[in-house]
Amino acid sequence: MFLSINNVQKSFPNQGKTEQVLRDINLNIEKGEFVSLLGPSGCGKSTVLNIIAGLLRPSEGELYLDNQQITKPGNDRGMVFQQAALFPWLSVEENVMFPLKKIMKKQEARETAQKYLQLVQLSAYANHSPHELSGGMQQRVAIARALAMSPRVLLMDEPFGALDEQTRIRLHDELERIWVETKKTIIFVTHSIQEAIKLSDRIIVMGTQPGRILQDIPIDIERPREKHLQQMAQYEEQIMKLLKNEIDKVAEEELKYAVSN
Amino acid sequence: MQLAIKRILFFIGLFALWELAIWIFSIPPVILPSPTTVFSSLFESLADGSLLKDLRASFSRLLIGLSIALIIGVLLGILLAKFKTADETLGSLILALQSIPSIVWLPLAIMWFGLNEKAVIFIVVLGGTIVMTINMRTGIKNVQPLYTKAAQTMGSTGIDLFFRVILPASVPYAVTGTRLAWAFAWRALMAGELLSSGPGLGYTLKYASDFGRMDMVMAIMVVIGVIGVTVDILIFQRIEKKVMIKWGLEQKEAA
Ligand SMILES: Nc1ncnc2c1ncn2[C@@H]1O[C@H](COP(=O)(O)OP(=O)(O)OP(=O)(O)O)[C@@H](O)[C@H]1O
Ligand SMILES: [Mg+2]
């Protein structure tokens, strides 16, 4: 198995008590798969991703990437956040070169950066400052930066969440093309059902309180998927039903909280 | 443009009123010199080169003092931000020192260094160091966690993370710290020169006052004020603005 997550639990201290955020997370992901984590807000999607990235340690359980245990962050796992997190003191090209500094010579790093900027179609902006780019362009640079260090897995935490609808749709196509070209394994966090169906080979639907995996749904639709709207709608309905209970649960919890205060 | 016109009109009006008041109430020049005499002694000191000499002396002290202050401030700020124990102990001392105007150290400084250049530079260093330290500490503590997280996922840790991410990310605070350090150092320098030995702007001011040349005193006050404002606006505020925009902390004004 390429990436395996075994019996991961995660608790956070919360006002003196420990609150369980993730329960019994078991997940196996094949090389080259595009997997989405889908679920209501607060169900622990980001926490799962941060644990895979090594930014958080699980309270219990283990993770393995190519049979190597994950214990800390490393450049074998690239991450793209909701905010582009580009470094403002570096140019676009220098940002993409950032992870390459220790693994290759400067000239080679520059050529690699150029190659990945081409992949996201932003070569013309190599010498710009990040603040001169639109949000969508910044996010594409962040993708180029994460890919430039040739990670084995690309982790994406609602990478298009802060963008407008048109830009998001364009970037879906772009991400799909990049995925086909690079054959990367991608783990993609989203709370948009359509986004997940459009992009993923598999959708891991998560429930909340505590965060856990509800169902693992393979999406069996030919790509490009825009031509199969019928099938997409069916999946959407199925997932909608599944999540309805969860969303009700969140709303109920909110209500209880509001009443008790 | 309108702003400039408003300001020019304001100052012309102010000087006219001032001149008029002196003429109407026949105020003697040792109490308040008239603007015309102030400006004529300003030109006089410009013409005979004494002003330039004073400026050069003052600025060389300032540059030495400020440079030392900035270096110490950056290092201390890093120390306080990175080591909790240092922050809890040395940090509290620095906060306490902040409320003491640096000029009150002059008697001690004169005992340590003698009535000379060094004592004044010491006051300037003290004046600049503390604000720089405090700003640098805040800057390093306030680096967005997103930057450090992103860097970590790209394999950057420890010293590498510090020099390539934390330090550059805190540049906006360092710039603000430098600007404030300049302002404090400039005030400290003038106070120090006033009470110490020459040459220098402060010293000449004191000298003029001993001879009752209030027109000269005010001329030097004008120079001190103009330099203070000009350096702040022309150099520091510009740099600060550019950095803020580049670091995404401030939006560009809509054109
Ligand atoms: N550092 C932390 N300390 C305490 N609790 C935390 C911490 N990080 C996350 N949590 C809690 O864990 C739960 C899951 O958070 P997480 O950010 O993983 O959710 P999410 O599914 O990504 O939500 P969203 O869709 O809103 O981003 C939340 O209830 C949150 O309050
Ligand atoms: Mg999240």
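Student: How many cavities of 30 Å³ or more does the count come to?

Tutor: In this predicted model, the count comes to 1 cavity of 30 Å³ or more. The largest cavity has a volume of about 40 Å³.

Student: What makes this space a cavity and not a pocket?

Tutor: The test is whether a 1.4 Å probe that fits inside can get out.

Student: Which residues line the largest cavity?

Tutor: They are Val120(A), Arg140(A), Ile143(A), Phe160(A), Leu171(A), Glu174(A), Leu175(A) and Ile178(A). The elements giving two or more residues to this lining are α4 (135-148) and α5 (165-182) of chain A. The largest share, 4 residues, comes from α5(A).

Student: How is the lining of the largest cavity divided by class?

Tutor: By class, the lining has 6 nonpolar, no polar and 2 charged residues. Arg140(A) and Glu174(A) belong to this lining, and they count as charged because Arg and Glu are in that class.

Student: Why are β1 and β2 of chain A called paired strands?

Tutor: Pairing requires at least two bridges. Strand β1 (residues 3-14) and strand β2 (residues 17-29) of chain A are joined by 9 bridges, so they meet the requirement. The two strands run antiparallel. Asn14(A) stands opposite Lys17(A) in β2(A). The hairpin has 2 residues between its strands, and Gln15(A) takes a positive phi near 50° there.

Student: How do you know that the length of helix α1 of chain B agrees with its number of residues?

Tutor: At 1.5 Å a residue, the 23 residues of helix α1 (residues 2-24) of chain B should span 33 Å. The end C-alpha atoms are 33 Å apart, which agrees. Just after α1(B), Ser26(B) takes a positive phi of about 35°.

Student: What makes up the secondary structure of chain B?

Tutor: The secondary structure of chain B comes to 11 helices and 0 strands. The C-alpha trace of this chain spans about 75 × 55 × 30 Å along its principal axes.

How values were computed: Residues numbered from 1 in each chain as written. Chains lettered and ligands numbered in written order. Predicted model: local features only at pLDDT ≥ 70, side-chain atom pairs only at ≥ 80, totals over all residues. Heavy atoms only, no water. 1 Å grid on protein atoms, 1.4 Å probe; cavity = no way out; pocket = protein on both sides within 12 Å on 5 of 7 lines; lining within 4 Å. Points joined across faces, edges and corners; volume = space filled by probe spheres on them. Expected span 1.5 Å × (residues − 1).
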